Amino acid sequence: MNAPAAEDSRMRTLVRSDDLDETREMISTAYSPYELRALSRPQDFTAWYAEGSFPGVTLSALSYGTETLVAPEPLTTYLLVCQVHKGRVRVESPGREEQYVDVGDTYVLDPHRRFKVFWSPGARMTTLRLSREVVDRAAGEALGREEPVRARFALGGAVSPAAAESWSGISAAVHREVMSGGVAHANPLVAAQLTQAAAATLMATHRLLPDSEPARHIGNVAHPAVRRAIQLIEERSDQPLSLSDLAVAARLSPRALQEAFRRYVGCTPLAYLRQVRLERAHRDLLAADADGPVTVAEIAFRWGFSNLGRFAHWYRQRYGHAPSVTLRT
């Protein structure tokens, strides 16, 4: 698939600059806060960034004029499928994976960890942005689950030449809709179907990491009181929460809430809270730099685990190894 024309009227240029600080500020606003450094010949630094969209999908094009490092914070609510159109990039997930990506190849920046992307001079790529919620639903369907699955992607690109062709086809369709101002801009049904098709094709063509896991969605729980308690847990899992706090939010007595959770969720409210905190500690351990200042204890305390021995026991039960192993791998 060819790179979009720089001046195409459907791709709005947001950055065209030789000022590194200005570029960092503007692209951080478009994506997430990120580190941007010129690694060689800073006097030759230039940047170009443009984007277009229809509901559900944002298509971006980027180029840097000298060897450049880009290191975004975890994307959290969306992922990016990146395709190189000129030059070469090297992508690292610190301490975990490294991948060289050449012209025509793709890689996925999933929402749950940090990456470093090293651009060769003059490299250009496009990124296709999809919401995490849409991809999690597609992951659940692809894996035969009734519930969404928290999808986490390896860096290796498409799993086969045939898979690469399939992804190229759906990517080209998205490109055409954006670039031509197609009906997806004005027709929500077409936009939703094309977005879902892109997410399903991504699942069929790119490799998931083995620790992708079920992702709870409150809408799956029918009991309104349980839904209210879950909402509080999801929003304030990093804060002290007691059974009484959850019961107040649910508008039930503590005993009635315990019974409702056992019936509709299969565990107690505090066990559910512990599961959420474990998952978020697991996410932070995956995202942490093994050589950095963050420790297992700091992450455990961040998510309300004051007893490190119990935290390690629960973590090992859930993930099959000690939290320190996740931090090191």
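Helix 2 and helix 4 are oblique to each other in this predicted model, since their axes cross at roughly 55 degrees while coming within 9 Å. The crossing of helix 2 and helix 4 is right-handed. On the helix 2 side, V134, V135, A138, A139 and A142 take part, and they meet T195, A199, A200, L202 and M203 of helix 4. Sorted by class, the residues of this contact are nine nonpolar and one polar, with no charged residue.

What does helix 2 keep buried, and what does it pack against? The buried residues in helix 2 are V134, V135, D136, A138, A139 and G140. The partners of these buried residues are strand 6, strand 11, strand 12 (149-150), strand 13 (153-158) and helix 4.

Helix 4 also packs with helix 3, and here the axes come within 9 Å and cross at roughly 160 degrees. Angles over 145 degrees count as roughly antiparallel, so helix 3 is roughly antiparallel to helix 4. The crossing of helix 3 and helix 4 is left-handed. Helix 3 brings A163, S166, W167, I170, A173, V174 and E177 to the contact, and helix 4 brings L194, A197, A198, T201, L202 and T205. By class, that contact has nine nonpolar, three polar and one charged residues.

A further helix pair is formed by helix 5 (residues 224-236) and helix 8 (residues 269-287), with axes that come within 10 Å and cross at roughly 30 degrees. Helix 5 is therefore roughly parallel to helix 8. This crossing of helix 5 and helix 8 is right-handed. I230, I233 and E234 of helix 5 make the contact with P269, Y272, L273, V276 and R280 of helix 8. The residues in the contact of helix 5 with helix 8 are six nonpolar and two charged, with no polar residue.

| Helix pair | Axes come within | Crossing angle |
|---|---|---|
| Helix 2 and helix 4 | 9 Å | roughly 55 degrees |
| Helix 3 and helix 4 | 9 Å | roughly 160 degrees |
| Helix 5 and helix 8 | 10 Å | roughly 30 degrees |

In soluble globular proteins, nonpolar side chains tend to be buried together. The largest nonpolar core here has 33 residues, and the members that touch the most others are F54, L79, L130, V135, F153 and L202. At least two residues of this core come from each of strand 3 (47-54), strand 4 (57-64), strand 6 (78-86), strand 11 (124-131), helix 2 (132-142), helix 3 (161-180) and helix 4 (188-205).

Which residues does V135 contact, leaving aside its neighbours within four places in sequence? They are L79, L130, A151, F153, A199 and L202.

Finally, a look at one loop: P74 sits between strand 5 (68-72) and strand 6. With neighbours within four places in sequence left aside, P74 is in contact with S32, P111, H112, R113, R114 and A287. From P74 to L130 there are 56 residues in sequence, and the C-alpha to C-alpha distance is 14 Å.

Definitions and conventions. Residues are numbered from 1 along each chain as its sequence is written. This is a predicted model: local features need pLDDT of at least 70, side-chain atom pairs count only at pLDDT 80 or more; totals for chains, interfaces and linings use all residues. Side-chain values use heavy atoms; hydrogens and water are left out. Axes are lines fitted to C-alpha atoms, for helices over the stretch in contact, and angles run from 0 to 180 degrees between N-to-C directions. Helices (H or I, at least four residues) and strands (E, at least two) are DSSP runs, numbered from the N terminus. Angles under 35 degrees count as roughly parallel, over 145 as roughly antiparallel, 65 to 115 as roughly perpendicular and the rest as oblique. A crossing is left-handed if the near helix is turned anticlockwise from the far one by less than a right angle, and right-handed if clockwise. Contact means heavy atoms within 4.5 Å. Ala, Val, Leu, Ile, Met, Phe, Trp, Tyr, Cys and Pro count as nonpolar, Asp, Glu, Lys and Arg as charged, and the others, Gly among them, as polar. A nonpolar core is a set of buried Ala, Val, Leu, Ile, Met, Phe, Trp, Tyr and Cys residues joined through side-chain atoms within 4.5 Å. Buried means under 20% relative accessible area, exposed over 50%, partly exposed in between (1.4 Å probe, protein chains only).
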